[in-house]
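Notebook open, viewer open. I want to go through one ligand site today and jot down what I find.

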Amino acid sequence: MRIKHWIIRALCCAGVITHVYAQANDAQQIYASCSACHGEQGQGNPALNAPAIAGQYDWYLKRQLQHFANGIRGSHAEDIHGKTMVPFAKLITNEQQQVLAVYISQLKPVSANVELNGDLKNGSRYYQAKCGACHGGKAQGNISFNAPKLSALDPQYLLRQMTNFKQGIRGQHQEDKWGRQMAMMSTTVSDQELEDILFFISEQAK
Ligand code: HEC
Ligand code: HEC
């Protein structure tokens, strides 16, 4: 009786494991086309302007891939870096978007490890007043507000996105509901405030 039970359990387990493994393998294979820019571990590559994506929420990653593919992000004439992403987002199917987003979300986030100058006290104050309600007290993101994690992103990428939002290069498309919300928020911070906010965000990953 006991032996039979064990055999059944072993078979079930093996089934589950091969199933999960096949999925991971697939995602890994597709991800190979992304790693040239985003890095093998999804750590990003500032020299190529490719942001860190490891450990970002799957719902956010999937939305961005859809938006790049559908011309909702990266279609503005001045969005040079967004444009590089478009053909790669178009290469993958909807199903692959889902599998990839889950795979990337499970990679361990790597801290950008950049030394910045700023005023932490002011940065914390500005951040909590203007960003924290949506992005979370430690820049960890919040699904309830559709707001991504910011803590693992390098300051250069963050600054570019804020500038793009402010200048109408990102978040202006009619169907970009969440981007439009963020574009509105981006106009509420001054350059000086943003410098301290980015310093606060970079400290959260340490
Ligand atoms: C040729 C280089 C390159 C390749 C290959 C590439 N990307 Fe990108 N990716 C970029 C750049 C550059 C950006 C930043 C765009 C911007 O500044 O708005 C980006 C942005 C993104 C974003 C948005 C991140 C965020 O925080 O909003 C996601 C998600 C993403 N890429 C996923 C992928 C996936 C998945 C693949 C593979 C299918 C891939 N990328 C392949 C260069 C690349
Ligand atoms: C009302 C809620 C809200 C507030 C407040 C807010 N954001 Fe956002 N933010 C969002 C949402 C939603 C997105 C996702 C946009 C999308 O899906 O393209 C976003 C996206 C971003 C991005 C793009 C991240 C990426 O990976 O490309 C940055 C950078 C950002 N926010 C920074 C900030 C900063 C800094 C503040 C404070 C000055 C702030 N946000 C305040 C809701 C908010």
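This is a predicted model: local features need pLDDT of at least 70, side-chain atom pairs count only at pLDDT 80 or more; totals for chains, interfaces and linings use all residues.

Metal first. Which residues coordinate the iron atom of ligand 2? I find His135 through NE2 and Met182 through SD, at 2.0 to 2.1 Å. Both of these residues are buried.

Next I checked the geometry. There are 6 donor atoms around the iron, and they subtend angles of 88 to 179°, so I'm writing the arrangement down as octahedral. For reference, six octahedral donors would ideally give 90 or 180 degrees.

Then I looked up where the two coordinating residues sit. His135 belongs to helix 6 (residues 132-135) and Met182 to helix 8 (residues 177-186), so the pair ties together parts that are 47 residues apart in sequence.

On to the shell. I get 24 residues around ligand 2, and those that come nearest are Cys131, Cys134, His135, Tyr157 and Met182. Sorted by class, the shell has 15 nonpolar, 6 polar and 3 charged residues.

Arg63 has one 2.8 Å from an oxygen atom of ligand 2. For Gln64, the distance from a polar side-chain atom to a ligand 2 oxygen is 3.1 Å. Arg170 places a side-chain N or O atom 2.8 Å from an oxygen of ligand 2.

How values were computed:
Residues are numbered from 1 along each chain as its sequence is written. Chains are lettered from A and ligands numbered from 1 in the order in which they are written. Side-chain values use heavy atoms; hydrogens and water are left out. Donors are N, O and S atoms within 2.8 Å of the metal (3.2 Å for Na, K and Ca); water is not among the atoms, so sites may look incomplete. Four donors count as tetrahedral if all angles lie between 85 and 135 degrees; four count as square planar and six as octahedral if opposite donors are over 155 degrees apart and all others between 65 and 115; anything else is irregular. Helices (H or I, at least four residues) and strands (E, at least two) are DSSP runs, numbered from the N terminus. Buried means under 20% relative accessible area, exposed over 50%, partly exposed in between (1.4 Å probe, protein chains only). A residue is near a molecule or strand if one of its heavy atoms lies within 4 Å of it. A polar contact is a pair of N or O atoms within 3.5 Å; within protein, one must be able to donate a hydrogen and the other to accept it, and residues adjacent in sequence count only if both atoms are side-chain atoms. Ala, Val, Leu, Ile, Met, Phe, Trp, Tyr, Cys and Pro count as nonpolar, Asp, Glu, Lys and Arg as charged, and the others, Gly among them, as polar.
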